[in-house]
Amino acid sequence: DRARFVGNIRTEGERMQAIVERILNLAVIEHRQSLQEVAPIALSALVEESLSTRAAELQRKKLTPENLIDSRVRVSGERFLLQQALANLLDNAIAFSPVGGRLRVAHEQVEHEHRIRVRDAGPGLPDFARARLFERFFSLPRPDTGQKSTGLGLALVREIAQLHRGRISVANHAEGGVEAVLTLPA
């Protein structure tokens, strides 16, 4: 019983620490008025880096990641923040993907915008959740564990997008799954 209780305490302690860290990150970003270190970023390389740090989770769920971004595509922004936004979108896609599914990251440039698309093959968003996705602390239970996240990831992505003069949208894809689209100025 002690071992089980210690395990529960450790898990909840780690969860609380993650919540505190995300709240602090969100607060810092919300109070920023501008980007600090703007540079051209190789988008495909950024995606590969983010996918490689999630290799264990991808392997555990037997997911096939597809980075469909041309290696010549460059976006302008603050690398650390864009990596944080991409990490949150990938974490959600991984969490909601079924075992053995595909996870796609694609890019398109439409006029003066870069659209970074992260798509899973999961069950899709329930109707009641669509309007609340970007609310702080709102989270859906993960299909494989039933656990909820901190509910801060998409709020953080929205703040990062706005700081880059962009936007984020999340919707069910016509062919199934959910697609998040991070739009940045070209």
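Biologist: How many bridges join strand 5 to strand 7?
Modeller: Two strands pair if DSSP finds at least two bridges between them. Strands (E, at least two residues) and helices (H or I, at least four) are DSSP runs, numbered from the N terminus. Strand 5 and strand 7 run antiparallel, and the number of bridges joining them is 7.

Biologist: Before we go on, what are we looking at?
Modeller: This is a predicted model: local features need pLDDT of at least 70, side-chain atom pairs count only at pLDDT 80 or more, and totals for chains, interfaces and linings use all residues. Residues are numbered from 1 along each chain as its sequence is written, and side-chain values use heavy atoms, leaving out hydrogens and water.

Biologist: Which residue of strand 7 stands opposite His 114?
Modeller: Strand 5 and strand 7 are joined by bridges. In strand 7, the residue opposite His 114 is Leu 184.

Biologist: How many bridges join strand 6 to strand 7?
Modeller: These two strands also run antiparallel.

Biologist: Which residue takes a positive phi in the hairpin of strand 6 and strand 7?
Modeller: The hairpin has 5 residues between its strands. A positive phi near 105 degrees is taken there by Gly 176.

Biologist: How many residues of strand 7 are buried?
Modeller: Buried means under 20% relative accessible area, exposed means over 50%, and partly exposed is in between (1.4 Å probe, protein chains only). Strand 7 is largely enclosed by the rest of the structure, because of its 8 residues the buried ones number 7.

Biologist: How many residues of helix 6 are buried?
Modeller: Helix 6 is mostly covered. Its buried residues include Gly 153, Leu 156 and Glu 159. Just after the helix, Arg 165 has a positive phi of about 60 degrees. Out of 11 residues in helix 6, the buried number is 9.

Biologist: How many residues does the largest nonpolar core have?
Modeller: Such a core is a set of buried Ala, Val, Leu, Ile, Met, Phe, Trp, Tyr and Cys residues joined through side-chain atoms within 4.5 Å. Among those with the most contacts inside the largest one are Leu 89, Val 105 and Val 170. Its residue count is 43.

Biologist: Which element gives the most to this core?
Modeller: Elements that give two or more residues include helix 2 (43-52), strand 4 and helix 6 (153-163). The top contribution is 10 residues, and it comes from helix 4.

Biologist: Is Asn 88 buried or exposed?
Modeller: Asn 88 is found in helix 4 (residues 79-96). Contact means heavy atoms within 4.5 Å. Beyond its neighbours within four places in sequence, Asn 88 is in contact with Arg 22, Gly 153, Leu 156 and Val 157. At 6% relative accessibility, Asn 88 counts as buried.

Biologist: With which residue does Arg 102 form a salt bridge?
Modeller: Side chains of opposite charge can pair when their charged atoms come close. A salt bridge is a side-chain nitrogen of Lys or Arg within 4 Å of a carboxyl oxygen of Asp or Glu. With the closest N and O atoms 3.0 Å apart, Arg 102 forms a salt bridge with Glu 66.

Biologist: How many residues apart in sequence are the parts that this pair ties together?
Modeller: Arg 102 lies in strand 4 (residues 102-110), whereas Glu 66 lies in strand 2 (residues 64-67). So the pair ties together parts whose separation in sequence, in residues, is 36.

Biologist: Which side chain meets Glu 135 in a salt bridge?
Modeller: The N to O distance is 3.1 Å. Glu 135 is partly exposed, at 35% relative accessibility. Its partner, also partly exposed at 36%, is Arg 132.

Biologist: How many salt bridges does the count come to?
Modeller: Some share partners, joining Glu 108, Glu 113, Arg 115, Arg 117, Arg 167 and Glu 179 into one network. The number of salt bridges is 15.
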